[in-house]
Every structure is written in structure tokens, then in C-alpha cells.
Amino acid sequence: MLLNSIAGTKVVFETSDGALLLKHLRKNTIDVAMIDVRQPHTEHYKFCRALTKKNPTLRVIVVSQLDINESAHRYFKSGVSGFLGKDASAEQLANCIRSVTEKHPTNFGLSHLLAQAAALPQKSELILPEGRRLIEFSKREMEIIRLSCRERSNKQIADDLSISIRTVEQHRKRMMERTGTKNFIGTIMFVLKHQLLHIDDL
């Protein structure tokens with residue numbers, strides 16, 4: 001099993017019955033629950049919500065062939081902390097588990113960002129009555145944000161856009177200054193929170 005190959009992880013309970021998992025959690029504590037989902041369904045969202053509501057410290061990761069789209073977003077709204085494809089590598093799985101369990105995670109994957117953004121109230125005060133935005137991003141800046149969400153490094157982004165690494169860093173710095181965020185993760189959260197970029201555009 002792929003999970004057993006990851007250092008620091010141990011499988012303590014396995015079941016194909018959601019009711020048995022809920023029963024197990026009444027007397028036992030686990031850090032992460034991995035839920036295999038084949039097709040999105042209202043009952044799945046309710047089940048994830050029940051898991052996280054009754055066990056606030058539990059982190060739920062959905063494993064599915066689904067793309068990061070509206071279905072995935074609904075899972076995040078239901079309290080899910082991470083989202084992985086079934087073909088995820090051991091490294092991707094380890095990074096996802098790390099990102100949802102560490103207090104100050106150093107690896108922020110796309111699913112982790114979307115989970116946090118989904119939990120935040122959506123804001124609209126960035127739009128003036130005449131429809132002009134108080135904070136606007138250029139086409140190039142939005143490209144850098146999208147590529148960052150895909151976990152591309154500064155060097156990879158520079159190569160993708162045929163610009164220098166220094167230019168990428170300067171763009172990031174300016175965006176952080178304009179949004180008042182301490183790091184670029186905060187900038188991405190700002191953009192998602194204020195719906196300046198939608199999940200389907202990633």
C-alpha cells in the first residue's frame with residue numbers, strides 16, 4: 001500500500017463502510033482520513049461534513065479521478081482539507097498529508113490553498129460602484145499566479161513565460177505589496193478569497 005511507504009505514516013483503520021468509520025472515531029482519534037470517491041454525490045458531501053463536524057481536528061483527504069473543478073470545491077466547502085488524484089505519486093501523497101497536518105506547512109499544494117479559500121467568507125468590497133476594481137492584476141501577473149497555483153517554481157515560471165527569474169520575483173513582490181500580504185501564499189489566498197481568480201481558470 002502506497003501509504004505504508006511514506007515515512008511517519010501508519011494505517012490504523014480501513015473500511016469501505018462510512019458508518020463504521022464514524023463509529024470508530026467515537027472511541028479513537030486519527031489524524032487523517034482518506035476517502036475514495038468515484039463520482040461526486042450529495043451524500044458524499046454530507047458524509048465529509050459529518051466527519052469534520054464531529055471531529056474538528058480530523059483532516060480529510062479525498063482521493064478521486066475528479067479534476068479540480070466545482071465538484072472538488074464543494075468537497076472543500078464540506079470541510080475536506082486535501083484533494084488527490086488516484087494516480088498521485090508517493091511524493092505528492094506525502095506532500096498533501098504534510099500540508100494538511102503541519103501547523104505551519106512548508107509545502108502548499110493547490111488543494112490545500114483551495115481548501116483554505118473555500119473556508120473563508122467571500123468578499124466583494126474590491127469592486128467599486130462603476131465596476132472598476134480597487135486592486136487589479138495585469139495579464140502577466142495573473143499568469144504567474146496561475147502557474148504558482150500549479151506548484152511551479154520561480155525558475156519554471158520564468159522558463160514558461162520566457163522571462164527572467166528576477167522578473168518573476170519582482171512581479172511577486174509588487175503583488176504582495178499591493179495586497180498587503182506577507183508572502184506569496186498570502187497573495188494567492190487573497191486572489192482566491194476575493195474571487196479574482198476562479199477554480200475553473202486554474
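Helices here are DSSP runs of H or I with at least four residues, strands are runs of E with at least two, and both are numbered from the N terminus. With that in hand, Ser-162 sits in the loop between α7 and α8 (165-179). This is a predicted model, so to speak: local features need pLDDT of at least 70, side-chain atom pairs count only at pLDDT 80 or more, and totals for chains, interfaces and linings use all residues. Residues are numbered from 1 along each chain as its sequence is written, and side-chain values use heavy atoms, with hydrogens and water left out.

**Overall layout**

- The chain has 9 helices and 3 strands.
- Reading from the N terminus, the order of elements is α-β-α-β-α-β-α-α-α-α-α-α.
- Of the chain's 202 residues, 42% count as buried, where buried means under 20% relative accessible area, exposed means over 50%, and partly exposed is in between (1.4 Å probe, protein chains only).

- For context, most residues other than glycine have a negative phi.
- Ser-162 is also exposed, with a relative accessible area of 67%.

**Salt bridges**

- There are 5 salt bridges in the structure, each being a side-chain nitrogen of Lys or Arg within 4 Å of a carboxyl oxygen of Asp or Glu.
- As background, side chains of opposite charge can pair when their charged atoms come close.
- One of them joins Glu-43 to Lys-46, with 3.8 Å between the closest N and O atoms.
- Glu-43 and Lys-46 are about one helical turn apart because they are separated by 3 residues in helix α2 (residues 42-54).
- Glu-43 is partly exposed, at 46% relative accessibility.
- Another pairs Glu-143 with Arg-140, and here the closest N and O atoms are 2.9 Å apart.
- Glu-143 and Arg-140 are again 3 residues apart, this time in helix α6 (residues 139-149), so about one helical turn separates them.
- Glu-143 counts as partly exposed at 24% relative accessibility, and Arg-140 is partly exposed too, with a relative accessible area of 29%.
- Lys-155 bridges to Asp-159, the closest N and O atoms being 3.2 Å apart.
- Both Lys-155 and Asp-159 belong to helix α7 (residues 154-161), where they are 4 residues apart, about one turn of the helix.
- Asp-159 counts as exposed, at 51% relative accessibility.

**The largest pocket**

- The largest pocket has a volume of about 1,200 Å³.
- For the terms: on a 1 Å grid over the protein atoms alone, a pocket is an open set of points where a 1.4 Å probe fits, with protein on both sides within 12 Å along at least five of seven lines, and lining residues have an atom within 4 Å of a point.
- The volume is the space filled by probe spheres set on the points, which are joined across faces, edges and corners.
- Of the 40 residues lining this pocket, the closest to its centre are Leu-3, Val-32, Ala-33, Met-34 and Ile-35.
- Two or more lining residues come from each of α1, β1 (32-37), α2, β3 (82-85) and α4 (90-101).
- β1 gives the largest share of the lining, 6 residues.
- By class, the lining has 23 nonpolar, 9 polar and 8 charged residues.
- Here Ala, Val, Leu, Ile, Met, Phe, Trp, Tyr, Cys and Pro count as nonpolar, Asp, Glu, Lys and Arg as charged, and the others, Gly among them, as polar.
- Ile-35 is in strand β1 and is buried, with a relative accessible area of 13%.
- Ile-35 and Thr-15 are 20 residues apart in sequence, with 9.9 Å between their C-alpha atoms.

**Other spots to look at**

- Ser-78 is in the loop between α3 (70-77) and β3, and counts as buried at 8% relative accessibility.
- Ala-19 lies in helix α1 and counts as exposed, at 51% relative accessibility.
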